[in-house]
Amino acid sequence: MNSGNDEAITVDKFPFGENSNSATPLVVETRGLKKTYFGKVDVPVLHGLNIRIHAREFVAVIGQSGSGKSTLLNILGALDVPTGGTVLINGTDISTLDEDELARLRSDDVGFIFQAHYLLNEFTCLENALMPITIRHGEANEEQTNRVLHLLNRVGLGDQINKHPDEMSGGQNQRCAIVRSLANAPKIILADEPTGNLDSRSGEEVFAMMREMNRESGVAFVMITHDDRLANAADRILLIEDGNIREISKEEHRREALRISKQSGD
Amino acid sequence: MKSLFGIFISALVPKKFRFEFQLALRHLLSGGSQTLLTISAVGAGVIIVIFITSLIFGLEEMMTNLLTESIPHVVVQVKDPKPDGLQDAENPVSNKIEQQTSQLKFIDNGEQVVRTIRGLPNVRGVTSVVSGQGFASKGANPVGVAVIGAEPELLDEITPVTKDLVEGKYRGLGSDEIVIDTELAKDLNVNVGDRIHLTSSSGQADSFSIKGIYDRGQGRGSAYVTLRNGQSLFGLGTSINVIYIKIYDIYDVEDLSNTIMTLTPYEAKPWTKDFSRFLTNIRMMEASAYLISIFSLIASAFAIASVLVVSVLQKSAQIGILKSMGARQQQILTVFIFEGLGVAILGSALGALIGMTIVYLISLLKRSDAVIGGEPASLFPVKILPVYIGAAILAAIISTVIAAVLPARRAAKLNPVDVMR
Ligand SMILES: Nc1ncnc2c1ncn2[C@@H]1O[C@H](COP(=O)(O)OP(=O)(O)OP(=O)(O)O)[C@@H](O)[C@H]1O
Ligand SMILES: [Mg+2]
């Protein structure tokens with residue numbers, strides 16, 4: 001079933017590493033990114049990662065539970081600060097930004113989608129989808145509202161716009177969250193297991209939406225997933241292992257997945 | 001698409017704060033019983049403040065009026081020589097004689113002293129008075145009575161008689177006319193128009209026609225005659241023995257009496273000397289009014305703070321998601337301050353409304369033992385002071401916002417990564 005999606009895979013167009021010669025702009029780059037959680041016991045999580053994400057890319061991040069996927073994603077979105085190395089978002093070293101500038105960056109350049117949908121229950125679906133605009137500008141203008149309405153229609157929520165999150169299904173909530181993450185037309189969307197709470201059918205639907213938005217608007221996606229089929233449908237797959245990250249080919253990924261499923265099958 | 005309320009918000013809230021305002025409003029609306037609880041806490045605080053202050057200041061005003069309306073604020077007399085022990089020891093005999101003969105020590109340059117006092121600041125009215133003791137009789141049994149001789153028009157300004165009249169008149173009191181109180185009238189079994197006999201402590205006697213009868217409801221009162229009659233009753237000639245002074249600011253009385261005592265050789269006794277207990281009571285009542293007000297406001301502030309702390313905890317995930325969408329710390333802070341402000345404004349408005357209604361209803365309660373003929377007195381002498389209501393509202397708003405700031409700052413500082421795991 002992946003074949004349909006695989007057609008558009010552009011892995012070769014975005015070779016991993018320094019020798020990328022693509023004209024497509026970099027949206028996120030890390031150099032020697034390190035993260036250690038300091039506490040009673042210091043937990044080193046990321047040991048110095050070099051990552052480059054280009055515009056239009058759809059990247060899947062996989063790795064075992066506790067390997068540091070969420071940690072990485074939060075740092076890429078300027079929600080968390082690294083303990084070493086640099087993070088460039090849209091060419092800006094985020095360590096040079098103050099609180100308000102970081103907030104502005106999160107508002108203008110980054111969109112988040114989380115596992116739990118985290119829509120605001122006090123607001124309707126439309127109001128939720130407009131929230132990043134409301135935060136940024138106080139109120140959405142007609143053009144912005146129309147654009148978001150259009151997106152809501154695209155993800156099949158045209159008749160749900162006045163419902164509150166608790167009156168919608170999990171899949172509908174997550175589709176609304178996708179539209180919300182797109183509201184300010186960001187450069188990159190960071191999705192932390194966006195289908196993790198959904199049954200496989202609505203998970204696939206939600207993934208298809210994201211892929212569609214990615215193709216249509218060219219917004220880059222970094223998606224953490226435990227779902228091998230979804231990972232396979234991404235442009236490339238990054239594997240976090242023992243504090244390091246590396247790109248793995250689809251072949252390697254398939255072998256790996258098979259091995260793991262055999263292991264757990266025994 | 002846009003609701004009526006949406007239009008209202010667009011008109012009232014600057015665009016810059018619309019997100020914060022909207023979110024605060026939704027929090028309050030979705031807060032339900034929590035919101036009602038905090039609003040009631042603020043309201044209760046304001047009700048208590050309004051109730052206590054209006055009751056205590058009403059009581060204070062009533063007591064002050066009662067005490068100072070009918071009494072002179074400063075009484076000027078010849079100094080009492082008794083405390084002067086040296087004189088006593090040196091010349092005991094002459095002292096004794098003086099005490100017996102001149103029971104009334106007179107102010108011989110009365111006119112001049114009155115003029116001097118009239119020129120002093122804070123003085124509202126001054127009048128010369130002859131004051132002494134005597135016996136009134138109609139036929140057989142004489143009854144002891146305090147006699148005051150003064151010009152009715154002047155005395156009415158200081159210790160009003162006219163307004164307490166039950167029968168007859170005081171103004172225009174003629175020679176050989178007298179105004180007595182109901183107690184004496186009852187004792188002597190006399191009425192307006194009857195004649196009574198008056199003997200002064202210095203021996204002179206005269207007969208007077210009753211021109212009026214008054215009642216102050218304060219027990220036995222004085223008998224009023226003209227200044228001239230008083231002077232002749234007590235053998236003072238053209239002298240007087242007392243000067244009554246009424247002033248504007250009754251609590252600024254000590255200054256005036258000190259000034260008088262430096263300007264004249266006489267003693268000037270402020271009203272506060274006789275009512276020092278009363279004064280301390282008033283001060284204590286005021287202090288307790290302020291204390292109760294402050295404590296009730298503090299209590300409601302704590303109630304609000306604790307509810308808001310819980311609310312911030314409940315909303316920490318939401319705060320995290322808002323920050324991930326680009327909300328600044330200041331915006332989160334503003335949301336919770338708006339919430340506090342909303343609670344404060346609603347609560348204090350509600351409290352003010354209920355508080356004033358309660359105070360108004362209480363002011364309608366009348367005493368059952370009202371004086372016949374007079375206005376029925378209020379059971380509780382409440383006084384609604386707009387200043388205090390305004391101050392109560394303002395204090396409630398300020399304390400609520402302060403109570404909101406603490407949890408709000410905590411909310412603003414929350415790390416989105418920590419609260420969304
Ligand atoms: N605030 C923290 N303090 C200390 N250790 C932390 C903290 N947050 C995460 N960790 C640790 O860092 C490691 C990586 O956590 P992270 O949440 O990034 O893993 P993950 O790959 O997203 O896992 P999962 O697939 O289960 O979501 C884990 O071992 C975790 O226990
Ligand atoms: Mg995770």
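Ligand 1 is surrounded by 13 residues, the closest being Ser65(A), Gly66(A), Lys69(A), Ser70(A) and Thr71(A). A residue is near a molecule or strand here if one of its heavy atoms lies within 4 Å of it. The model is predicted: local features need pLDDT of at least 70, side-chain atom pairs count only at pLDDT 80 or more, and totals for chains, interfaces and linings use all residues. Side-chain values use heavy atoms, with hydrogens and water left out, residues are numbered from 1 along each chain as its sequence is written, and chains are lettered from A and ligands numbered from 1 in the order in which they are written.

The site is shared between chains, because residues from chains A and B surround ligand 1. Helix α2 (residues 69-76) of chain A gives the most to the shell, with 3 residues. Helices (H or I, at least four residues) and strands (E, at least two) are DSSP runs, numbered from the N terminus. By class, the shell has 2 nonpolar, 8 polar and 3 charged residues. In this scheme Ala, Val, Leu, Ile, Met, Phe, Trp, Tyr, Cys and Pro count as nonpolar, Asp, Glu, Lys and Arg as charged, and the others, Gly among them, as polar.

Accessible areas come from the Shrake-Rupley method with a 1.4 Å probe; for residues, only the protein chains shown count as cover.

The two chains also meet each other. The contact takes 25 residues from chain A and 29 residues from chain B, where contact means heavy atoms within 4.5 Å. The size of an interface is often given as the accessible area lost when the parts come together. Chains A and B bury about 2,400 Å² between them, 62% of it on carbon and sulfur atoms. This buried area is the accessible area (1.4 Å probe) that two parts lose on being put together, summed over both. Arg26(B), Met325(B) and Val417(B) supply 25% of the area that chain B buries against chain A, more than any other three residues.

Chain A contains 9 helices and 10 strands. Of its 266 residues, 53% are buried. Buried means under 20% relative accessible area, exposed over 50%, and partly exposed in between (1.4 Å probe, protein chains only). Chain A exposes about 11,800 Å², with 47% supplied by carbon and sulfur atoms. Among contacts in chain A with a separation of 6 or more, 72% join residues 24 or more positions apart.

Helix α3 (residues 99-108) of chain A has Leu102(A), Ala103(A), Leu105(A), Arg106(A) and Ser107(A) buried. Their cover includes β4, β6 (110-113) and α4 (125-137) of chain A, together with α13 (316-324) of chain B. At the start of α3(A), a side-chain oxygen of Asp98(A) reaches to within 3.1 Å of the backbone nitrogen of Asp100(A).

Asn214(A) lies in helix α7 (residues 200-217) of chain A. Asn214(A) is buried, with a relative accessible area of 3%. Its side chain makes a polar contact with the side chain of Arg211(A) at 2.9 Å. A polar contact is a pair of N or O atoms within 3.5 Å; within protein, one must be able to donate a hydrogen and the other to accept it, and residues adjacent in sequence count only if both atoms are side-chain atoms. The side chain of Asn214(A) also reaches the backbone oxygen of Glu57(A) at 3.4 Å.

Arg236(A) belongs to strand β9 (residues 236-241) of chain A. Arg236(A) is buried at 2% relative accessible area. A polar contact of 3.5 Å joins its side chain to that of Glu247(A).

Ala78(A) sits in the loop between α2 and β4 (84-89) of chain A. Its phi is near 60°, a positive value in a residue other than glycine. Ala78(A) counts as buried, at 4% relative accessibility.
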